[in-house]
Amino acid sequence: MFKLLTAASIAALSWAAADVAHGAVTVIGGGLAQACSEAALGGQDDPRFQEICTVALDTEFMLPRDRAGTYVNRGVLKLRRASYSEATRDFNEAVRLQPEMGEAYVNRGAASIGQKRYADSLSDINKALALGVSEPEKAYFNRALAYEGLDDAKSAYFDYQKALEIAPEWPAPREQLTRFSVSRR
């Protein structure tokens, strides 16, 4: 049987949902698309970086993968500012352009978590894991958040464990696991 520490779990889920993990896409080749990529990968959240991404999308020639990646990166920047609907539009466009890009799905799932649409997030995160993503620990972490939002503590626990197994140096899953108390019947 898996139990959450009750009061702490509600507060932590609120904190954690605001801190969903984002997966950016590396775009190489110089120009504004690369600057957009670097901003997303570097954890930036200033709106001026979103504008850099927009100008790149409007003016630069890109291969479909890089264009989709730039949409993902702009969406990640919007996620950091809790602009979930706008971010979802960018992830939808990335999926339209590159339906096999796992990062578009995991981030669209993160946007759903931010909107407390936990059940909706699961299909996107599962698809991302099936397609493959560069940082699967973030997908597992986000799926754990969704499971917690759905009051499925057991599944959340296992996904936090998986995230920690993949990235033992990442403190976020370890911090979440401290809230769990595991007992056997």
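Ten helices and two strands make up the secondary structure of this protein chain. Keep in mind that the model is predicted. Start at the N terminus and read along: the order is β-α-α-α-α-α-α-α-α-α-α-β. The chain has 185 residues, and buried ones make up 49% of them. Now take the contacts with a separation of 6 or more. Residues 24 or more positions apart account for 60% of those.

Next, the disulfide. The structure holds one. Which cysteines does it join? Cysteine 36 and cysteine 53, with 2.0 Å from S to S. Cysteine 36 sits in helix α2, residues 31–41, and cysteine 53 sits in helix α3, residues 47–59. The angle about the S-S bond is 95°, and the link is right-handed. Are these two cysteines buried or exposed? Both cysteine 36 and cysteine 53 are buried.

Stay with α2, and look at its packing. Two packed helices are described by the angle between their axes and the distance between the axes. The partner here is helix α4, residues 64–80. α2 and α4 pack at an angle of about 40°, and their axes are 9 Å apart. That angle makes α2 oblique to α4. The crossing of α2 past α4 is left-handed. Who meets whom? From α2 come Ala33, Cys36, Ser37, Ala39 and Ala40. From α4 come Thr70, Asn73, Arg74, Val76, Leu77 and Arg80. Notice Cys36 in that list. Cysteine 36 is also one end of the disulfide.

Last topic: the aromatic rings. A pair of aromatic rings is described by the distance of the centres and the angle of the planes. Rings pair if their centres lie within 6.5 Å. By this rule there are five aromatic pairs. Take phenylalanine 141 and tryptophan 170. Their ring centres are 5.1 Å apart and their planes stand at 55°, so this pair is tilted. Where do the two residues sit? Phenylalanine 141 is in helix α8, residues 136–149. Tryptophan 170 is in the loop between α9 (153–166) and α10 (171–177). The two are 29 residues apart in sequence, so the pair ties those parts together.

How accessible are they? Phenylalanine 141 has a relative accessible area of 2%, so it is buried. Tryptophan 170 is at 21%, and counts as partly exposed. Both belong to one aromatic cluster, along with Tyr157, Phe158, Tyr160 and Phe180.

Terms used
Residues numbered from 1 in each chain as written. Predicted model: local features only at pLDDT ≥ 70, side-chain atom pairs only at ≥ 80, totals over all residues. Heavy atoms only, no water. Phe/Tyr/Trp six-rings, centres within 6.5 Å; stacked < 30°, edge-to-face > 60°. Helix = DSSP H or I, 4+ residues; strand = E, 2+ residues; numbered from the N terminus. Buried < 20%, exposed > 50% of the residue type's maximum accessible area, 1.4 Å probe, protein only. Disulfide = S-S within 2.5 Å. Axes fitted to C-alpha atoms, helices over the stretch in contact; angles between N-to-C directions. Parallel < 35°, antiparallel > 145°, perpendicular 65-115°, else oblique. Left-handed = near helix turned anticlockwise from the far one by under 90°. Contact = heavy atoms within 4.5 Å.
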